[in-house]
Structure formats: structure tokens, C-alpha cells
Amino acid sequence: MIPQSVKDIVANGSNVGLYQTIAMLLFIIFFLGIVWYVFSRPKKFYEEQENAPLNDDIEDTDL
């Protein structure tokens with residue numbers, strides 16, 4: 001039998017539960033890594049970005 005889609009391959013494969021568990025663990029590790037990266041930066045690192053929408057460095061003379 002030739003599988004017609006990825007769904008057939010995943011549904012009928014052996015160790016499907018193991019693959020799902022590994023995928024979930026990789027996602028959790030990646031997510032926690034991103035959260036750790038964001039919170040480990042000093043607050044001064046984000047000061048320029050947080051005020052960017054409010055800063056009008058370019059003057060609009062065409063209005």
C-alpha cells in the first residue's frame with residue numbers, strides 16, 4: 001500500500017506516540033528558550049524599541 005498523504009504515514013506508523021512526545025518536548029524547550037532570552041535581557045535593551053512608535057524623528061513638512 002502506497003501512502004497517499006502525511007496523515008496516512010503518521011496514523012499508521014509505529015511509535016507514533018513517541019514522535020508526538022518528542023515534538024511536544026522540542027516545542028516546549030524552544031518556547032522556554034525564547035521566554036528565557038527575552039527576560040534575561042536588561043530593561044535598557046528594550047527602551048529604544050518600546051518608545052519607537054511614539055518618537056517622531058522625521059518631521060513631516062509635506063502636510
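How many helices and how many strands does the chain have? The chain has three helices and zero strands, with the elements running α-α-α from the N terminus on; helices (H or I, at least four residues) and strands (E, at least two) are DSSP runs, numbered from the N terminus. This is a predicted model, in which local features need pLDDT of at least 70 and side-chain atom pairs count only at pLDDT 80 or more, while totals for chains, interfaces and linings use all residues. Residues are numbered from 1 along each chain as its sequence is written, and side-chain values use heavy atoms, with hydrogens and water left out.

A search of the whole structure finds one aromatic pair. The ring centres of F27 and F31 are 6.3 Å apart and the planes stand at 20°, so the pair is stacked (rings of Phe, Tyr and Trp, the last by its six-membered ring, pair if their centres lie within 6.5 Å; planes under 30 degrees apart count as stacked, over 60 as edge-to-face and the rest as tilted). F31 counts as partly exposed because its relative accessibility is 48% (buried means under 20% relative accessible area, exposed over 50%, partly exposed in between, with a 1.4 Å probe and protein chains only).

Move on to F45 in helix α3 (residues 44–50), which at 43% relative accessibility is also partly exposed. The charged end of R41 sits over the ring of F45, 5.9 Å from its centre (NZ of Lys or CZ of Arg within 6 Å of the ring centre and within 35 degrees of the ring normal).

Finally, display the whole chain: of its 63 residues, 2% count as buried.
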